[in-house]
Amino acid sequence: MKTHSMFNGGFVFKYYQLVLALAFAVEEINKDSNLLHNMTLGFDIYNADLRAWSAFENPFIWLSGQNKIPNYTCMAESNFVAVLAGTSGMTSVQIGALLELYRFPQLTFGAFDPALSEHGKYPSLYQMAPKDTSLAIAMVSLLLHFSWNWVGLLISQDENGLSILAELREVMDKNKICVAFEHMISGRTLTQVISIMTIQNQINKSSANVLIIYGNKEYLLGLMVYLGQFLITSKVWLLNSQCDLCIGKKYFLLGSFHVPLIFSYHHADISGFTDFIREVNPSKYPEDFYLAKLWFLSFNCSHFESDCVMWENCPHDSSLEWLPVQIFDMAMSEESYNIYNAAYAVAQGLHEMLLHQTEEPTMGNGRWMVSSPAQLQPFLKNIQFHNLAGDQVILDEKRKLEAEYDILNIWNFPEGLELKVKIGKFSSYAPHGHQLSVSKDMIEWAIGTTKTPHSVCSESCGPGFRKSPQVGKAVCCFDCVPCVEDEISNGTDMEQCMKCPCDEYANTERYQCLPKAASFLTHEEPLGMALDCVALCFSTLTAVIIGVFVKYQDTPIVRANNLSLSYILLIALMFCFLCSLLFIGRPNTITCILQQTIFGLVFTVAVSTVLAKTVTVVLAFRATPPGSRMRWLLVSGAPNFIIPICTLIQVTLCGLWLGTSPPFVDTDAHSEHGYIIILCNKGSLTAFYCVLGYLGSLALASFTVAFLARNLPDTFNEAKFLTFSMLVFCSVWLTFLPVYHSAKGKVMVAVEVFSILASSAGLLCCIFVPKCYIILLRPDRNSLHGFKDKIHTGRKKPS
């Protein structure tokens, strides 16, 4: 191993692992008897200077020798076959044009760079890193895992940055994750300073606590140092693996005020690498200037010069294992893993090339010589093998596998530890829903924080609410609006509330649909019991009145007003009171039919009987002349025919109603919240209003006739009572119509029952109670003698 000490600036020890990885791979290859028979690999190490004016200095040295004469080489024994370049893609870009002149194979061990994938521009360049096409999906998966939907983007202003930005936007839009702010970081110093000040102001104002930072060291070094030291706001950083190189010691001066989560390429562990590093020392590699310097600075050796180091004065058993992890990490990094694979790829390519050569062009000093590195090109392009860790290595980008990612968190407690801990993994090859695995308990959050950080524009809408977008803002910014009646949302952040089925209703919190209870006027509830009692009481009273009339049927007041009509009316009224019971209780098909038909018929009988009694009174007082037509009508009992004629008309109407569209059991799930009202649907409203209208016309006719007969002599004359009873009857049913149509549910049924009872009670009380008063309490007025005394007394009063 030979190193060249032409470097400028400080020496970063963590990069030295790259050199050791190459040394380890070369030694393994040289020990493998199945590779490169009679040939030994070696390597030289050169610094990669990113400054444009000196970028070609070292490539000229190893291509042409110290004299640096283009197209000439003073290194006669030089047998270079390939270049391993990194970690930045800028290195490959700068020296690529020079290497292409010689068709020199270049294998990059940094992160995959789409800019280097132009085969026409870089036909001899091969990238060892896997494709980064899943990085955006991996980062968004982590955002979804922690329910972070309000994110800031800090992206390097280069081709890679523009590519990942487009991918991030696409995946974030699909998963409804919003960008709180977005900044492109320029590589120019002046522009970067201004940009950093703008970013600081933006981050401090924003409610986003998660930042996706993507780029490489050249773009983000200044930004990362600034954010780490001065932006004390406990942010979570999602970083690509190259950003890891930007997090230096200065970040940890004040402790972990931020939470870096690094997406590093996943790779298997290489057996023996840690043991190899543990045994490395300057005596094993005396030509390695960097190793000597590392040893001197790390173990306080007593003497150090430019050409030699008295490492014997160092601790005898000193090892790189002693160094803190932030100085030198024993675990193989992803770049070291790529270098390991690159060394094996070159060895495999050489092996295949030598197998296909029939004659070797030259042989000098017992070593095989390769006439031109360009001969290696076709063999490298088709290289495909499994390394000793079992991972597949493919150089052809068309067949290259997508990257899998280890998610790393940097622990800094106790302060200065700077330990990388794997807290999760993402694999695009895993089944959907199992691509991401994260151990939350392994994450060291910011100082003073034990809970997972929160990064949302608006707090989640809980069950019972739906999202209402805020005008002019991102979709992640919304207000929470309660669901309306009979709609629910049983999850968080629901876009729309769901309507409950017709037989269910929403609970008070609007997150669950509950079954609606059946609602109807029952006999057990207070209102039903009260109506039952009233109906039974009036039925009993009607029966008592019938008994009184039967007992006193020979008295003048009973006989004076057509006893048979009185019995018919009392029996009809008793049925009117009892028919109201059909309206109470759970409706069924039979009760629905009986309700309307019996109601219509018995009320028709009652009202037509009142009409017959009224006509009888009028005829009785107007039929005094013998032989007159009115007297004949009265004697022949013509008024009694009014009842069957009127009833027959009503029976016809009811028959047509039942024959066309009879009443049926129906439900109403909307009128009363939380209940399904079971009711009797009238069927044909036209038939119902015809029956009711016919009944009303009879009542109006009875009221009109009774009103005209109100001034007839009132002894044993019930004309006034009939007039007043029909006035009560009409008033009740005229009031019923608007109240009935405005009521809902069981109240509507109760209004109808009350109207039946009130109108029937009006007829009973106005017509028969005064008679019972005379019969039972004033028997002196229930005789012809009392009638004559009353007349005699009335005649004396004027004198």
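A residue is termed buried when its relative accessible area is under 20%. By this criterion helix α4, residues 135–145 of the predicted model, is mostly covered, with eight of its 11 residues buried. The buried positions of α4 are Leu135, Ala136, Ala138, Met139, Val140, Ser141, Leu142 and Leu143. After α4 comes Ser147, with a positive phi near 60°.

Helix α9, spanning residues 289–299, is likewise mostly covered, and eight of its 11 residues are buried. The buried set in α9 comprises Phe289, Tyr290, Leu291, Ala292, Lys293, Leu294, Trp295 and Phe299. The N-terminal end of α9 is capped by Asp288, a side-chain oxygen of which lies 3.2 Å from the backbone nitrogen of Leu291. Leu291 is itself among the buried residues of the helix. Beyond α9 stands Asn300, which has a positive phi near 55°.

Charged side-chain pairs were examined next. Across the whole structure, 10 salt bridges are found. One of them joins Arg278 to Glu321, with an N to O distance of 2.9 Å. This pair links distant parts of the chain, since Arg278 belongs to helix α8 (residues 273–279) and Glu321 to the loop between α9 and α10 (334–356), 43 residues apart. Arg278 has a relative accessibility of 31% and therefore counts as partly exposed. Glu321 also falls in the partly exposed class, at 40% relative accessibility.

A salt bridge also connects the side chains of Lys422 and Asp406, at 3.1 Å from N to O.

In the pair formed by Lys467 and Glu495, the closest N and O atoms of the salt bridge are 3.2 Å apart. Lys467 is located in strand β18 (residues 465–469) and Glu495 in the loop between β20 (487–488) and β21 (498–499), so the contact ties together parts of the chain that are 28 residues apart in sequence. Lys467 is buried, its relative accessible area being 13%, while Glu495 is partly exposed at 38%. Salt bridges with shared partners bring Lys176 together with Lys467 and Glu495 in one network.

Strand pairing was then considered. Three strands make up an open sheet in the order β24-β26-β25, and their pairing is mixed.

Strand β26 is mostly covered, five of its seven residues being buried. The pairing of β24 with β26 is parallel and rests on three bridges; within the sheet, Ala518 stands opposite Ile676 of β26. The pairing of β25 with β26 (residues 675–681) is antiparallel and extends over five bridges. Phe664 has Asn681 of β26 as its bridge partner, and Asp666 stands opposite Leu679 of β26. The hairpin of β25 and β26 has six residues between the strands, and in this hairpin Gly674 adopts a positive phi near 85°.

A nonpolar patch is present on the surface, formed by Phe641, Ile645 and Ile649, which together have about 300 Å² of accessible area. Phe641 is placed in the loop between α16 (629–636) and α17 (642–660). With a relative accessible area of 52%, Phe641 is classed as exposed, because the exposed class begins over 50%.

Conventions
Residues are numbered from 1 along each chain as its sequence is written. This is a predicted model: local features need pLDDT of at least 70, side-chain atom pairs count only at pLDDT 80 or more; totals for chains, interfaces and linings use all residues. Side-chain values use heavy atoms; hydrogens and water are left out. Buried means under 20% relative accessible area, exposed over 50%, partly exposed in between (1.4 Å probe, protein chains only). Helices (H or I, at least four residues) and strands (E, at least two) are DSSP runs, numbered from the N terminus. A polar contact is a pair of N or O atoms within 3.5 Å; within protein, one must be able to donate a hydrogen and the other to accept it, and residues adjacent in sequence count only if both atoms are side-chain atoms. A salt bridge is a side-chain nitrogen of Lys or Arg within 4 Å of a carboxyl oxygen of Asp or Glu. Two strands pair if DSSP finds at least two bridges between them. Patches are made of residues with over 30% relative accessible area and no salt bridge: like charges are joined within 9 Å, nonpolar side chains (Val, Leu, Ile, Met, Phe, Trp, Tyr) within 5 Å. Accessible areas come from the Shrake-Rupley method with a 1.4 Å probe; for residues, only the protein chains shown count as cover.
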